[in-house]
Amino acid sequence: DKGEFKHYMLKEIYEQPDAVARTLDMALESTETAHSYQLRDDFLQRHETQLSNIRHVQVIACGTSYHAGLVAKYWFENLIRIPCSVEVASEFRYRNPVVVDNSLVICISQSGETADTLSALREIQKHSPTGLVSLALCNVPTSSLVRETDIFLPTLAGPEIGVASTKAFTTQLAALMLLVLKTGVTQSCIDDERLYTLLENLHKLPNQLHASLNLDASIKAMSESFEDKKSCLFLGRGLQFPIALEGALKLKEISYIHAEGYAAGELKHGPLALVDKDMPIVVLAPKDSMFDKLKANMQEVHARHGELFVFASEESKMVAEDRLHVVYIPDVCETLAPIVYSVPVQLLSYHVAVMRGTDVDQPRNLAKSVTVE
Ligand code: M6R
């Protein structure tokens, strides 16, 4: 039931604060101690021995779930220094890849029935490297993926009907962060200060998602500039690069406008040639450690008369000017910013698609669950 919403996709976008809160509740509890929040003792407790032995992480997934994996790579490597590779399942399964001993293989899938992801998992299991641990990060407890893996980490998004993944993605990110923290604690490779700050920031996340939903009207106004566009670029750096990829996927999937996500540092290596006055460029620009570099990239685009649509934090003090539009996103800590910045790119794609009259919940040629390769 869509309730008051015109489409399932919009309903599901709006469900994100609750869906993320439910997912976080699996692992987060408040305490009476100096630290306000801690990881619950029972979170993945049965799997502590498995997690304590892993030395490498291999993520396998498709589409939006693959983008969640790309964010997790930054987290695993930056926060707990465990090397992490991420690959689309359709490539991984056919190239005879090396899976090193003591790997944690994380299969991310909303449906748990994606053919390529299941086959890639089976391929690894066939070679059974020493110390292999497989984990399903999945929204459907009864799925094939959950049955065939050692550990089940659920996303508590609730059923997702719209073909475009929204709440499945943000709950995947929330759960991946919990997994990184749990692994860090189990292997004693995360310092307390960092852990407790992140737990506190995680607790604030549902409210920050609420606050970004409140920007809907300004994002809708922004979307009007995209109605007649043929092509669009999404730019981000660091943790926002996967969100640029996700924004581009969302836009092309439901509005049928060609879109590409790029790491902003790659502009000069090709895509800058595309930039002219007809090219909208969406930029994910929180005030983080990469902001100054990103600003230089935006200037390069502006100098070539590209039209910039920037999601920025207020702290960045970016000011709108000719061919530069800004929507301010509530301040959020750098590590968790990709979760909050997912919302404006979802809303932008949604409004562009509605304006262009496409079938938002059931885009042409696509299926919710891709059970054939
Ligand atoms: O069910 P899965 O997460 O395995 O599905 C993977 C992709 O097919 C899926 O994320 C797809 O890219 C989305 N429809 C994009 O919005």
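First, a word on pockets: on a 1 Å grid over the protein atoms alone, a pocket is an open set of points where a 1.4 Å probe fits, with protein on both sides within 12 Å along at least five of seven lines, and its lining residues have an atom within 4 Å of a point. Grid points are joined across faces, edges and corners, and a volume is the space filled by probe spheres set on the points.

What you're looking at is a predicted model, where local features need pLDDT of at least 70, side-chain atom pairs count only at pLDDT 80 or more, and totals for chains, interfaces and linings use all residues. Residues are numbered from 1 along each chain as its sequence is written, and side-chain values use heavy atoms, leaving out hydrogens and water.

**Stop one: the largest pocket.** Select Cys-62, Gly-63, Thr-64, Lys-368 and Val-370, which lie nearest the centre among its 27 lining residues. The volume here is about 600 Å³. Now colour H4, strand S5 (103-109), helix H6 (115-127) and H11: these elements each give two or more residues to the lining. (Helices, H or I, at least four residues, and strands, E, at least two, are DSSP runs numbered from the N terminus.)

**Stop two: the ligand.** Show the ligand, and you'll find it in this largest pocket (a molecule sits in a pocket if more than half of its atoms lie within 2 Å of its grid points). Helix H4 (63-80) and helix H11 (241-255) each give two or more residues to the shell around the ligand. In total, 15 residues surround it, the closest including Ser-109 and Gln-110 (near means a heavy atom within 4 Å).

Zoom in on Thr-114, where a polar side-chain atom is 2.5 Å from a ligand oxygen. For Ser-65, a side-chain N or O atom is 2.6 Å from an oxygen of the ligand. At Val-163, pick the backbone instead: an N or O atom there lies 2.8 Å from a ligand nitrogen.

**Last stop: the second largest pocket.** Select Tyr-74, Asn-78, Leu-239, Ser-289 and Glu-334, the closest to its centre of 13 lining residues. Its volume is about 220 Å³. H4 turns up again, giving the most to this lining with four residues.

Conventions: Polar contact = N/O pair within 3.5 Å; in protein donor to acceptor, adjacent residues only side chain to side chain.
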